[in-house]
Amino acid sequence: MTPAEWRAALHAEGVRFTELDGWTTRGRDAATGKRFGPVHGSLTHHTAGVTSLNAIAFHGQGPAVPPPLAHAYLPKSGVLVLVAAGRANHAGLAARNAWDAIVAERPIPRPDPSTGTVDGNDGLYGLEIENLGDGRDEYTREQYDTCVRYNAAICRHHRWGPGSVAGHLETSIEGKPDPRGPVEGYGLRGRFMFTMTQLRADVRERLAHPAGWSPPAQEADSMHPAYVNLGLSRGVLLGAGEWTEVQFTREWNDEAGAHAANSAVFVAGPARFSGTLSLRFEGLPEGAVVQVRQSEYKDTKRVQDHPTDEVLATPGSTYRVLPLTNRLGTGRTMRVWLRNQSATDIEVVSAVLKALVWKEG
Ligand SMILES: [Zn+2]
């Protein structure tokens with residue numbers, strides 16, 4: 001695919017993406033003297049690390065595996081990054097029997113090196129999805145949705161079926177395990193395990209619809225409120241005297257969907273919600289206070305602050321569970337702000353928000 005074809009195919013399929021500087025000319029074609037293509041399939045990987053874009057685009061994996069390591073990178077946000085249009089070092093050697101099956105769009109047998117090997121980098125697009133690959137780290141809903149759209153975009157462009165979609169574990173002669181791990185959910189489906197059989201089924205479903213299609217979304221009703229459970233991926237510094245907005249960066253469940261567009265937002269109106277916010281602080285001097293408030297927004301403007309709770313420091317680390325109950329009108333969103341009233345910087349070690357959300361209207 002040319003850069004223009006990549007952009008058109010991804011746009012049509014509803015993929016949110018950015019372009020890394022230089023991606024249209026990045027590749028290993030000149031360095032290897034082998035021109036990328038013809039392409040026969042799309043290979044999906046997990047990074048087995050976090051924030052791996054620099055390694056994928058610029059550093060590679062040491063002198064033996066120079067960059068780029070993929071054509072595209074897919075972080076937890078679900079916003080794809082185009083990294084390279086040329087040859088990329090992602091597939092290594094593929095077993096001939098697996099390669100032949102991908103080319104023919106037949107079920108892929110276990111990769112058997114005794115059937116011979118093919119340089120997978122000659123003819124496979126490579127997608128690296130940010131995931132620890134430890135079998136516990138979750139692929140976010142946004143990541144999986146983009147993964148399905150990305151693979152479908154490639155298939156639709158080339159007029160391939162889902163049989164051209166493969167995982168590294170299906171081609172590798174070194175026993176690579178990727179991609180694997182739990183997925184937060186997709187469409188009406190809750191948490192499930194990432195398998196290539198499931199991904200191909202989801203790509204097949206997409207390809208049966210026009211490119212602009214979206215899978216049905218969960219709808220909350222009064223009997224079944226949406227469940228929202230958000231947290232922090234790491235501790236956050238809270239400067240002395242400062243008001244700080246809580247950016248929930250780790251998502252366990254976001255059935256209400258408001259958090260996807262802005263990490264500080266946990267619910268959008270019209271809705272009623274009820275739940276708890278659990279906070280743990282380190283370094284808060286005994287007797288000092290952290291103020292907690294819910295701030296209501298209209299678009300990006302703060303329009304109302306709701307009664308403040310106060311967390312009073314206890315010896316050692318300070319831990320409190322606060323109730324969160326409120327009602328939001330149409331077009332309003334809610335965020336959490338914290339103010340460290342002590343004279344020293346402290347750390348928010350964890351902030352876990354759990355709420356049931358009843359959508360109105
Ligand atoms: Zn891989």
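**Ground rules.** I am working with a predicted model, where local features need pLDDT of at least 70, side-chain atom pairs count only at pLDDT 80 or more, and totals for chains, interfaces and linings use all residues. Residues are numbered from 1 along each chain as its sequence is written. My helices (H or I, at least four residues) and strands (E, at least two) are DSSP runs, numbered from the N terminus.

**Whole chain.** I count seven helices and 21 strands in the protein chain. Its C-alpha trace spans about 70 × 45 × 35 Å along the principal axes. The chain is split into domain 1 (3-207) and domain 2 (226-359), with bounds that come from an automatic or database domain assignment. I get 36 Å between the two domain centres, taken over C-alpha atoms.

I call a residue buried if 20 or more other C-beta atoms lie within 10 Å of its own, exposed if 12 or fewer, and partly exposed in between, with C-beta atoms placed from the backbone. By that count, 40% of the 361 residues are buried. I take two residues as in contact if their C-beta atoms, placed from the backbone, lie within 7 Å. Among contacts between residues at least 6 apart in sequence, 75% join residues at least 24 apart.

**Helix α5.** I went back to residues 141-158, which make up this helix of 18 residues. From first C-alpha to last, α5 reaches 26 Å, close to the 26 Å expected at 1.5 Å a residue; the expected span is 1.5 Å times one less than the number of residues. Is α5 mostly covered or mostly open? It is mostly covered, with 14 of its 18 residues buried.

I traced six strands in an open sheet of mixed pairing, in the order β1-β4-β3-β7-β2-β8; strands pair if DSSP finds at least two bridges between them. Neighbouring strands are turned by 25° against each other on average, direction ignored.

Inside the sheet, β3 (72-74) and β7 (124-129) pair in the parallel sense over three bridges, and I see Y73 bridged to E128 of β7. α5 packs on this sheet, touching β2 (41-46), β3, β4 (80-82), β7 and β8. The direction of α5 makes about 170° with that of β7; axes are lines fitted to C-alpha atoms, for helices over the stretch in contact, and angles run from 0 to 180 degrees between N-to-C directions.

**Cores.** I define a nonpolar core as a set of buried Ala, Val, Leu, Ile, Met, Phe, Trp, Tyr and Cys residues joined through C-beta atoms within 7 Å. The largest has 50 residues, and A70, A72, V83, L127, C147 and Y150 touch the most other members. Its largest share, eight residues, comes from α5. Leaving aside neighbours within four places in sequence, I find C147 in contact with T44, L74, L127, I129 and L199. Another core lies apart from it, with 32 residues that include F248, L277, L279 and L328.

**Strand β17.** Residues 289-298 form this strand. Nine bridges join β17 to β18, antiparallel, with V292 opposite D309 in β18. β17 also pairs antiparallel with β20 (332-340) over nine bridges, where Y297 stands opposite T333.

Most residues other than glycine have a negative phi, and most peptide bonds are trans. In the hairpin of β17 and β18, with two residues between the strands, I noted D299 with a positive phi near 55°; D299 is exposed, with 8 other C-beta atoms within 10 Å. E105 has a positive phi of about 55° too, in the loop between α4 (96-104) and β6 (117-119). With 16 C-beta neighbours inside 10 Å, E105 is partly exposed.

Which peptide bond near P179 is cis? The bond from D178 to P179 is, with omega near 0°, and P179 sits in the loop between α6 (168-171) and β9 (182-183). I logged another cis bond joining G269 and P270, omega about 5°, with P270 in the loop between β15 (265-268) and β16 (271-282).
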